[in-house]
Amino acid sequence: MITEVVVPVVETPEKTPLEGFAIVSEPLQVQHADNFLFMKDSYEIHQPISDALAPLVEQARVHFAENPFKVLEIIGLYSKEEPNPSLFPTIGLARANAVKSYLEKKGFPSQQIKIADRLADADLSQTNAPVWATLFQVSQVSEDALLQEKEKLEAFAAELRKNPIRLYFETGEAHINLNEEERNRVAQLNNYVTQVSDAKVLVVGHTDNVGKRTSNVRLGQERADFVKLYLQKNNFDEAVLEATSQGPDKPIASNKTQEGRAENRRVEITLK
């Protein structure tokens with residue numbers, strides 16, 4: 001049985017998405033008018049980040065390191081009118097993940113962070129200034145809950161190794177279009193690599209057999225490198241990513257048909 005007590009920090013915003021930074025978890029109380037901000041339609045943290053946040057993040061880091069059964073939930077706000085250029089299910093989740101990545105780089109325990117999103121009814125008429133901020137909530141989890149989470153991570157890794165995430169895209173496209181299931185799997189992968197210290201993501205480019213093998217191996221590598229960079233843009237750590245190419249050597253369909261060749265022109269994301 002998972003025991004979780006949620007302590008809300010801020011109320012759900014309706015018309016004022018800009019909220020201050022606040023993490024309250026007795027005896028910790030860190031608050032400031034500044035926060036991690038985002039422009040409309042963007043999941044990259046607006047720069048520069050306020051200098052006031054660094055010492056507050058450090059206080060929170062120490063507190064959570066001393067309390068391993070406390071979890072910080074980062075909530076990314078978004079509106080239904082916004083496009084979602086990220087690899088995550090929503091741009092709100094991508095915003096939460098961007099802040100999560102920032103905290104991890106500051107030494108915040110990855111295992112004690114989770115991300116969520118929240119649809120907000122907000123006036124986005126401002127287009128030349130940040131209009132979004134992230135919210136923070138603290139919860140207490142049990143040892144059993146942590147064990148169950150570990151088991152879920154292990155099950156996800158086993159499934160991904162058997163059934164990689166397969167991406168198909170036209171050369172020269174500026175982004176990758178994913179369906180809902182693929183986005184959810186990318187979000188799970190992101191969670192896995194931040195929770196498992198020795199995780200390594202393998203990005204493999206594949207091609208059909210039209211043309212010379214050497215050219216196809218090079219093309220497969222270009223596609224794999226493109227996806228690797230796209231994952232980095234979505235706050236995957238470059239250190240956990242490895243891009244390689246199999247060229248035409250591992251088809252999953254017949255190269256004798258147009259449809260089969262299209263299936264073989266793919267990039268697969270899996271775990272080593």
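My sorting rule for residues: Ala, Val, Leu, Ile, Met, Phe, Trp, Tyr, Cys and Pro count as nonpolar, Asp, Glu, Lys and Arg as charged, and the others, Gly among them, as polar. The model is predicted, with local features needing pLDDT of at least 70 and side-chain atom pairs pLDDT 80 or more, while totals for chains, interfaces and linings use all residues. Residues are numbered from 1 along each chain as its sequence is written, and side-chain values use heavy atoms, without hydrogens and water.

**Largest pocket**

I looked up the largest pocket and found about 910 Å³ of space in it. (A pocket is an open set of points on a 1 Å grid over the protein atoms alone, where a 1.4 Å probe fits, with protein on both sides within 12 Å along at least five of seven lines; lining residues have an atom within 4 Å of a point. A volume is the space filled by probe spheres set on the points, which are joined across faces, edges and corners.) I noted 31 lining residues, with Lys114, Glu149, Leu153, Asn191 and Gln195 the closest to the centre. Helices H2 (91-105), H3 (143-162) and H4 (180-195) and strand E6 (113-119) each give two or more residues to this lining. (Helices, H or I, at least four residues, and strands, E, at least two, are DSSP runs numbered from the N terminus.) H3 gives the most, 10 residues. I sorted the lining into 16 nonpolar, eight polar and seven charged residues.

**Second largest pocket**

This one has a volume of about 260 Å³. Of its 14 lining residues, Ser101, Glu104, Asn235, Phe236 and Asp237 are the closest to its centre. H2 and H4 each give two or more residues to the lining, and H2 gives the most, with four. My sorting here gave three nonpolar, seven polar and four charged.
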